[in-house]
There are 2 protein chains.
Amino acid sequence: MNKHKIGISDIGVHIPTPRMDLEYLIRERVASDPKLARHMDRAVSTTGQKAIRFPNLWEDTATMAAQATHNVLSRKTDGELSGLRYLVAGTETTVDHSKPVSAYVQGMLQRAGMEVPSSLSSYQVQHACAGGTLSLIGVASMLATSRRDSEFGVVMASDIARYHAASTAEITQGAGAVSLLVEQAPKLIELDLGTVGYCSQDVDDFFRPLGSSIAQVKGRYSMEVYQQNFESAFQDYCERNGEGPREMLDSTDMFVLHAPFRNMPEIAMRKLLGLHLGMSIEEADAFLAERGFFSGVDPIAQIGNTYSASMYLFLAFLLRERYEIMGESLVGKRVLLASYGSGNTMVVMGGTVAPSAPQVIESWDLDQIFASARQSTMDDYLIYTAGPYADSEYAKLLSSIRVPTEAFYLSGVRQDGYREYNFAADARDWLPEREASVDLRRPVPILG
Amino acid sequence: MNKHKIGISDIGVHIPTPRMDLEYLIRERVASDPKLARHMDRAVSTTGQKAIRFPNLWEDTATMAAQATHNVLSRKTDGELSGLRYLVAGTETTVDHSKPVSAYVQGMLQRAGMEVPSSLSSYQVQHACAGGTLSLIGVASMLATSRRDSEFGVVMASDIARYHAASTAEITQGAGAVSLLVEQAPKLIELDLGTVGYCSQDVDDFFRPLGSSIAQVKGRYSMEVYQQNFESAFQDYCERNGEGPREMLDSTDMFVLHAPFRNMPEIAMRKLLGLHLGMSIEEADAFLAERGFFSGVDPIAQIGNTYSASMYLFLAFLLRERYEIMGESLVGKRVLLASYGSGNTMVVMGGTVAPSAPQVIESWDLDQIFASARQSTMDDYLIYTAGPYADSEYAKLLSSIRVPTEAFYLSGVRQDGYREYNFAADARDWLPEREASVDLRRPVPILG
């Protein structure tokens, strides 16, 4: 086992501002199609979702990744930035078939004035919602192999979850990005790279065919294989640690699972705790509550499905609450991370809260995620679901809105299909600010 | 620096059988459009290409990766297969936006009767033609971190290079896959994971927009940035080795570069050798010839652009020739690998020929690549370039042809867009074998 410590030093987050309240959405949907009522109610009760966030018109996977990375790298000095050695994106909503999101992000950060070096490795990893975690393990392992003190990596998990609208899957949409600073002697979570547990199968629970902007999902089946794979990868993880499942569960202080919706981690944990510790649902919930679990998943109900980013949002919220409750004694506590990717793969990995974690957590302002929310009207939302737009339409839409300063944005799509990104510095010559809901309503003929 | 040896133990190859002779293709193209003659001639002279290979109707990135992996894993016992821990695909021609090629391959191998375990990590890596190399470094580093003797990885590099036809880019098409067996105490090439050199930039030399099956390339510009990045990543590599460029070049026995076409590695090496060793073109060519360089690139002229697989084809051909020339003294020789991905990134990595390399090389039958070629008519080729086909059309086309036994194939695309793959065992109820060129000619209305 590798005794050298490598892991996560910080987490940057970007959640787009538009927010659709699900009660409102369902009321509108049911008004046009009353038959939907029963299905929608059941979907809400299964998932525990209350709202979803969706991208602004000018945002995509690449801009969100850049924004989260800009947040996390702003805490580094220019001199330190020269040590950036790995810039890797995990996503299942790529913006090009060949060029990775990481390459666009590198350019965007440079255009925003950051001294990102060219002496780095840049690529993208795909396996549904596990892309971020798989990138993290790869980058951490490469840092362990080359082991130079000043070098570090950035792993981005950025995604947009789009489903057929109107449908029950619609309420499990979402969008957002996290950016993980990966370092030696990490300041937040030390990862146990030597004992990662895996389980992968060739299944069709979820996929997105070429040419389709919406994903296909077999909801119930996907929940089932998530749980099966969690159990198998957890067993694999226990074997590699040389411990039984019971000891492993007892000695874990925090459980953090992939959270496509608020209730999924709870459903999976109840099953695992029932199986190995013989717990009833109530006992399992008490066990989880004692470990702050619900403070990690409750915020997901307000954000929606961020695919590869979701587990890291869960982690950030949980760490914040645990620090509030435990203070400095949070240091040294054991975390279990379970990252699921449909199609499928499950990664179960252990970690330990690092000595500097309190200072890192104190530097976060996670409430900003909710404070930044802008309530969306149905019109706004329909403009989103009618997208993504063809190049010329996009140009027309963009010309009538104002991108906020300090925002990365898709400034246009060239005739040959190349995507051009920019950073809205103060000097940008935007139209006067108006409410996007007003600006966007008119020019879209598609909706009629 | 990590002293533990990890690297490549074997290389499996799959090149699809259809072969288009470029002299023939250009004659046909020029017959319909005489203005093309000058451009086509120049393109052939720049690239050095003589033929391209393209996929059979039933083949795609996933089937080619499965075929190459089946080849390489057939040499393992069922017991050994349980140690397969990482199954990773590098590609820029994905078959789904969410589910990785590796998951489809896992299922295909299992359906072909291979005891591939579920206790493995499976994902896909994207950065243009460097995806395979980036996967290799990640998998090798993870093996170094977890370090269990019985465990190994498989890295697949599988791609289909499609460009606008008719155009000069057309002659740099190609298709194929390699599958690298990645192990501790490797049998073929020991990799220097601690001293990899990198250079990445945000450039638009090559990309493939969403929804497009053909890539966009700025040919001349891409050649330029390839060379710039090669020089920078080579410098980075030298610094990490603590050696000057001159010593590094002098002490390298084999140079293996990304080969999108036959002449590209030669163009890049001439420049590097001129810069650091002050060599003229003639001197550079003599230096390279002495090191068997041309025996590695010449076969590429007959195969075409296999994107992420091309550097490993180059490596295999070069190793075979070097072994023929040097025999056992090949062991311990130094290799420099330079893998380029447009968009862009360059990876320069060192390696050493392992003690068991002679036995591995002797087990190869690389001539089979050429012996398997089936000369394509213009009609065949036009059926290929008119693809990929919609689901129903594909079903119609597939019903009238015979997939060879032992071949992995796309057996159909479901109404929901899910791709279904299979393995043609002897029992498969195929139509009697006929020439594909005859069978395929009629049912395609698109061509008219």
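Which relative accessible area makes B:Arg111 count as partly exposed? In this predicted model, B:Arg111 has a relative accessible area of 42%, and it is therefore partly exposed, since that class lies between the limits of 20% and 50%.

**Fold of chain A**
- Chain A contains 18 helices and 17 strands.
- The radius of gyration of chain A is 21 Å, close to the 22 Å that the globule rule gives for 448 residues, so chain A is as compact as a globular protein of that length.
- Along the principal axes, the C-alpha atoms of chain A fill a box of roughly 60 × 60 × 40 Å.
- Of the 448 residues in chain A, 65% count as buried.

**Charges in chain A**
- Chain A carries 41 positive and 55 negative side chains, and the centres of these two sets are 3 Å apart.
- Side chains of opposite charge can pair when their charged atoms come close.

**Salt bridges between chains**
- B:Arg111 and A:Asp202 form a salt bridge through their side chains, at 3.5 Å from N to O.
- This pair crosses between chains, from helix H5 of chain B to the loop between strands S9 and S10 of chain A.
- A:Arg111 and B:Asp202 also meet in a salt bridge, at 3.5 Å from N to O.
- A:Arg111 lies in helix H5 of chain A and B:Asp202 in the loop between strands S9 and S10 of chain B, so the pair joins two chains.

**Salt bridges within chain A**
- A:Lys187 and A:Glu183 meet in a salt bridge at 3.4 Å, N to O.
- A:Lys187 is partly exposed at 37% relative accessible area, whereas A:Glu183 is buried at 7%.
- A network of salt bridges links A:Arg262, A:Glu266, A:Arg270, A:Asp285 and A:Asp298.

Conventions. Residues are numbered from 1 along each chain as its sequence is written. Chains are lettered from A and ligands numbered from 1 in the order in which they are written. This is a predicted model: local features need pLDDT of at least 70, side-chain atom pairs count only at pLDDT 80 or more; totals for chains, interfaces and linings use all residues. Side-chain values use heavy atoms; hydrogens and water are left out. Helices (H or I, at least four residues) and strands (E, at least two) are DSSP runs, numbered from the N terminus. The radius of gyration is taken over C-alpha atoms; the globule rule is 2.2 Å times the number of residues to the power 0.38. Buried means under 20% relative accessible area, exposed over 50%, partly exposed in between (1.4 Å probe, protein chains only). Lys and Arg count as positive and Asp and Glu as negative; His and the chain ends are not counted. The place of a charge is taken as NZ of Lys, CZ of Arg, CG of Asp or CD of Glu. A salt bridge is a side-chain nitrogen of Lys or Arg within 4 Å of a carboxyl oxygen of Asp or Glu.
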